[in-house]
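Please consider the following points on the structure shown below.

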Amino acid sequence: MPGREAGYLEGEELLAQVDASRELDSGLTRHFSQPRTSERDTMEFVKQQATTKAPADWFTGDVWFDVIYAGQEPSRMRANMVRFSPGARTHWHSHVLGQTLHVVSGVALIGTRDGTVFEAHPGQTVRCPPNEEHWHGATPDRFMGHLAMWEGAGDGSTETTWKEPVTDEQYNRTRSH
């Protein structure tokens, strides 16, 4: 049909899709309404903690974060929404099981010990392998926000090892795209 966008439904196609969706919804309702066998089967809303200013021992510049989730056994998941002011960055650090960064806004800079500085843009996800020393932060002229996700080791050991601040020379190196 001329002028019709891909994925756009009309008339009988739309009604068929609505009916299929209703059938799926009723099946899901029956599935989720089955008796719970344990507390672990119960969905929960996690209480949100207050936004926290990141410590100067681990960051250069103004950085704020929200803990989205700090899993308790058996979960080891950790997730923070981190917001960096222009020029702000982490210190050098590593994570025992690695870290995944998902850029939400601005442009993220991610540096590695070999001197490479990568740029990551909104919608891009970067995975740092276990124990790789790295840093991440905002460009000098823009705010940046990313989701930081990592796992705890599950044995109470240190998840993140923090090192020295990133120098201006390291921060200002030529960027790879």
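1. Strand β9 and strand β14 (residues 175-176) run parallel and are joined by two bridges; strands are DSSP runs (E, at least two residues), numbered from the N terminus, and two strands pair if DSSP finds at least two bridges between them. Phe-118 has Ser-176 in β14 as its bridge partner. This is a predicted model, in which local features need pLDDT of at least 70, side-chain atom pairs count only at pLDDT 80 or more, and totals for chains, interfaces and linings use all residues. Residues are numbered from 1 along each chain as its sequence is written, and side-chain values use heavy atoms, with hydrogens and water left out.

2. Strand β9 (residues 117-120) also pairs with strand β8 (residues 108-112), in the antiparallel sense and over four bridges. Leu-109 is bridged to Glu-119 in β9. Four residues lie between the strands of this hairpin, where Gly-115 takes a positive phi near 95°.

3. Asn-80 belongs to strand β4 (residues 77-84). Its relative accessible area is 12%, so the residue counts as buried (under 20% relative accessible area, 1.4 Å probe, protein chains only). Beyond its neighbours within four places in sequence, Asn-80 contacts residues including Phe-65, Ile-68, His-146 and Trp-150, a contact being heavy atoms within 4.5 Å. The C-alpha atoms of Asn-80 and Ile-68 are 5.1 Å apart, although twelve residues separate the two along the chain.

4. Of the 177 residues in the protein, 31% are buried. Among contacts with a separation of 6 or more, 66% are between residues 24 or more positions apart.

Conventions
Buried means under 20% relative accessible area, exposed over 50%, partly exposed in between (1.4 Å probe, protein chains only).
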